[in-house]
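This report goes through a few features of the structure shown below.

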Amino acid sequence: MTPPKVDPEYLAAEIAADAEILKALADNGDIASIVRPIDLHFKGTQDRVETLVEDADALGLEFVEFGEYEDGDWAVDFVLEGTTEPDAMAALVKRALEIELVYGVEFDGWGCAAETGTEN
């Protein structure tokens, strides 16, 4: 299946916003090339979120948990392994925005811990 076309301006805006997060990670000693768990968050109606969860394995995502917002939307968290190198994160965000289009959910961001290469 050909992935849907993500609006280039939307993608560029997301990548620009992520640059600040990546800078903050680097300022905290993050070594971007270290593979680590990265959380992805999506929200949407219960049926759309459940469909996304059913397809998680095929998408390379590991389901973590559901949540529910006061407005009735559902949230779902996934995790995958990756680096925080700018190109890798841009590709991850593009993939998340493609998932948004295919499943009719909203990509609600990503998160991860800084990896400094030392044991905590």
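Aspartate 73 and lysine 43 form a salt bridge, with their closest N and O atoms 3.9 Å apart; the term means a side-chain nitrogen of Lys or Arg within 4 Å of a carboxyl oxygen of Asp or Glu. Aspartate 73 lies in the loop between strand 2 (62-68) and strand 3, and lysine 43 in strand 1, so the pair ties together parts that are 30 residues apart in sequence. Helices (H or I, at least four residues) and strands (E, at least two) are DSSP runs, numbered from the N terminus.

Lysine 43 is buried at 14% relative accessibility, while aspartate 73 is partly exposed at 21%. Buried means under 20% relative accessible area, exposed over 50%, and partly exposed in between (1.4 Å probe, protein chains only).

The model is predicted: local features need pLDDT of at least 70, side-chain atom pairs count only at pLDDT 80 or more, and totals for chains, interfaces and linings use all residues. Residues are numbered from 1 along each chain as its sequence is written, and side-chain values use heavy atoms, leaving out hydrogens and water.

## Salt bridges within helices

The structure holds 5 salt bridges. One of them joins lysine 23 to aspartate 27, with the closest N and O atoms 2.9 Å apart. These two residues are 4 apart in helix 1, which means that about one helical turn separates them. Lysine 23 is exposed at 51%, and aspartate 27 is exposed at 54%.

In helix 3, glutamate 98 and lysine 94 are also 4 residues apart, about one turn. Their salt bridge has its closest N and O atoms at 3.4 Å. Glutamate 98 is buried at 14%, whereas lysine 94 is partly exposed at 37%.

## Strand pairing

Strand 1 (residues 36-44) pairs with strand 3 in the antiparallel sense over 9 bridges; pairing requires that DSSP finds at least two bridges between two strands. Histidine 41 has aspartate 77 of strand 3 as its bridge partner.

Strand 1 also pairs antiparallel with strand 4 (residues 106-111), over 4 bridges. Here the bridge partner of lysine 43 is glutamate 106.

## Threonine 83

Threonine 83 sits in the loop between strand 3 (74-82) and helix 3 (86-103). Its relative accessibility is 13%, so threonine 83 counts as buried. Beyond its neighbours within four places in sequence, its contacts (heavy atoms within 4.5 Å) include Ile34, Arg36 and Met89.
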